[in-house]
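Q: I want to learn how to read a domain interface. Can you take me through one?
A: Here is the model to work on.

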Amino acid sequence: MSTINTLPNYINGQWCASSATEHLEVINPATAEVLARVPLSPATEVEQAIQAAAEAFVSWRRTPPPERVQYLFKLKNLLEEHFEDIARTITLECGKTLAESKGEMRRAIENVEIACGIPIMMQGTNLEDVAKGIDEMMIRQPLGVAAVIGPFNFPGMIPFWFLPYALACGNTYIVKPSEKVPLTMQKIFQLFEKTGFPKGVVNLVNGAKEAVDAILDHPKIRAISFVGSTPVAKYIYSRAAANGKRVQCQGGAKNPLIVLPDADMEMTTRIAADSAFGCAGQRCLAASVAVTVGKARHTFTEAIAETAKTRIVGNGLDQGVEMGPVINTQSKVRIEELIQKGADEGATMLVDGRAPNISGYEKGNFIRPTILQNVEPTGEIARTEIFGPVLSLIHLDTIEQAIALVNTSQFGNMACLFTNSGAAARKFRYEAEAGNIGINIGVAAPMAFFPFSGWKDSFFGDLHGQSHHAVEFFTQTKVVVERWPSDWSRQF
Ligand code: NAD
């Protein structure tokens, strides 16, 4: 008899076994150990969650904002208390190092903290005497039921770009985590249960395409947040919008770092390596292309190659490990094929991380840091999202050429510049077509009190996750124009 745990859903304040006929195995990418089975829940279970959330909305929206955030304060404390355990779970199912998992959960908690400010953030505006004796006000009201569809690479953090704001604003919520990494949300929902949110306010449905499509099509879903690959982002954006929903979709990326000759090379190399190889390159803000300008070429190339070769790769739970595996064998094969494609296109293999021997973890999905040199700027490898620990080097003569290269990209998630020149930094910040800009920063991840931006094919929608954008997204504005008879004493 199998001892592998099949994960339940959490609907209407209760853990419930799914009636799914299809399941997937959740596999530790470092060891190939099967951790659990995740149900691919049918549309009927999504429907149950939506009905529960719709019923809960009636009284949740009437709960005063200062009371609603008390649940978030409790949640924050519980997340702190269980911080280590959740971080460990992220590493087990996702592969990143424990330090990276902790970093991820820290950002999740920061978003809860910011959403606790909703009694101020949700305020509207007003003006007395817009005409004689007439006052006008704009108030914000919640939308109803909202949902998030998450990717595999940040199972703890990404739902928190949206969820705390949605709840604090008075919406009720459904989380559909990535079927590759469903364990982290199981842990977090155990904490939601302890927090004591009224039943139906927050729900968890595991699944894949059928569950997603049920969310996209259901008339009671008012708003959808998606984070994942660009083709799926486009699909979700168009189908949800066609169904009249508010929708924000963050997609893939191909992030360039530009290195000018006046940059502090020691710092630049360290930061560039962390950006390209951190989380095994499976970060939407991972550097994928490094463009050296002028004399930066030689110093940067030598130093980054050395850093890549010496990075310690292994099980993210082991002490001292700096980079874990990629998510699954399909991903490993795809990344290795793309590396070969780069070589076939004429790039030089400066550091080849394919087929490494990671002692004790022979079954893991490991690729060591890889660097391709003299990559053709118009070739496939320079333009395709690899989502693995692979850095392509391109050399150009001027910052103008480098910015032009940045701006020809299909994606616009992040672009970074390394320099000591304020004028160059300003030019870059002004001209680069990307939503998140780093100046001497390799992972320009906005703090919870700034929107997580993203342009072009890295984002579909207008309002982003986190902070004020999230409050705008999860509320609808109502404008009231009022006139009262001036002789009020007549009424008594
Ligand atoms: P993915 O697009 O494969 O899956 C994301 C979600 O969509 C999952 O929950 C999955 O169940 C669902 N899904 C997948 N295919 C679907 C389909 N055909 N119909 C309906 N639903 C579907 O993405 P992933 O591999 O989990 O995540 C990696 C991608 O996410 C990368 O492209 C990365 O750049 C991107 N990402 C972007 C950001 C950002 O902020 N822009 C952040 C993190 C990850």
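Q: How many residues of domain 1 are in contact with residues of domain 2?
A: Begin with the model itself: it is predicted. Contact counts give the first view of an interface. Here 21 residues of domain 1 touch 26 residues of domain 2.

Q: Where does the domain assignment put domain 1 and domain 2?
A: Check the bounds before reading on. The assignment gives domain 1 as 9-251 + 458-479. Domain 2 is 255-439. Over C-alpha atoms, their centres lie 31 Å apart.

Q: What area do domain 1 and domain 2 bury between them?
A: Read the area together with its atom make-up. The two domains bury about 1,900 Å², with 63% of it on carbon and sulfur atoms. On the domain 1 side, Pro29, Ala30 and Ser458 lose the most area to domain 2. Together they make up 26% of what that side buries.

Q: How many salt bridges and polar contacts link the two domains?
A: Treat the two counts separately. The salt-bridge count between domain 1 and domain 2 is zero. Six residue pairs are in polar contact across the interface, both residues at pLDDT 80 or more.

Conventions. Residues numbered from 1 in each chain as written. Predicted model: local features only at pLDDT ≥ 70, side-chain atom pairs only at ≥ 80, totals over all residues. Heavy atoms only, no water. Domains from an automatic or database assignment. Contact = heavy atoms within 4.5 Å. Buried area = accessible area lost by both parts, 1.4 Å probe. Salt bridge = Lys/Arg side-chain N within 4 Å of Asp/Glu carboxyl O. Polar contact = N/O pair within 3.5 Å; in protein donor to acceptor, adjacent residues only side chain to side chain.
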